[in-house]
Amino acid sequence: MARKTYRGRDIDVTFDADICIHAAECLRRLPSAFDINKRPWVQPDNVPTDQIQTTIDHCPSGALKYVRHDDE
Ligand code: SF4
C-alpha cells in the first residue's frame, strides 16, 4: 500500500500502513490528533504543530512522517 498523506494547515502527515508495527505510540501520546475511530484517523489541525512533530518523532517504525510547511 502506498504512503497516504493527511494535509494540515501547518503540517502534512504521511502514513505507511505496511510498516506500522501497531505500537500505538501515536494513539496513546496524542489521541486528539490520532484516533482510529475517526475518519480520517489523522487530524493534524486538532493540536499544535509541535505536538504532532514530537509524537511522530516517537513513532518506532517510521510509518508516520511529517513535512512542516515552515520547513519547505
Ligand atoms: S506510532 Fe507508528 S508504529 Fe505505532 S501505531 Fe502509530 S504509526 Fe504505527
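This note comments on a hairpin, the cysteines and one arginine in a predicted model.

1. Basis. Residues are numbered from 1 along each chain as its sequence is written, and side-chain values use heavy atoms, with hydrogens and water left out. The model is predicted: local features need pLDDT of at least 70, side-chain atom pairs count only at pLDDT 80 or more, and totals for chains, interfaces and linings use all residues.

2. Strands β1 (residues 4-7) and β2 (residues 11-15) run antiparallel and are joined by four bridges; strands pair if DSSP finds at least two bridges between them. Strands here are DSSP runs (E, at least two residues), numbered from the N terminus. Three residues lie between β1 and β2 in this hairpin, and Tyr-6 stands opposite Val-13 in β2.

3. Cysteines. The count of disulfides (cysteine sulfur atoms within 2.5 Å) is zero. Cys-26 is buried at a relative accessible area of 14%, and Cys-59 is also buried, at 19%. Buried means under 20% relative accessible area, exposed over 50%, and partly exposed in between, with a 1.4 Å probe and protein chains only.

4. Arg-68. This residue is found in strand β3 (residues 64-68) and is buried, with 14% relative accessibility. Its side chain makes polar contacts with the side chains of Gln-53 (2.6 Å) and Asp-70 (3.1 Å). A polar contact is a pair of N or O atoms within 3.5 Å; within protein, one must be able to donate a hydrogen and the other to accept it, and residues adjacent in sequence count only if both atoms are side-chain atoms.

5. Surroundings of Arg-68. Leaving aside residues up to four places away in sequence, Arg-68 touches Asp-10, Ile-11, Thr-49, Asp-50 and Gln-53 (heavy atoms within 4.5 Å).
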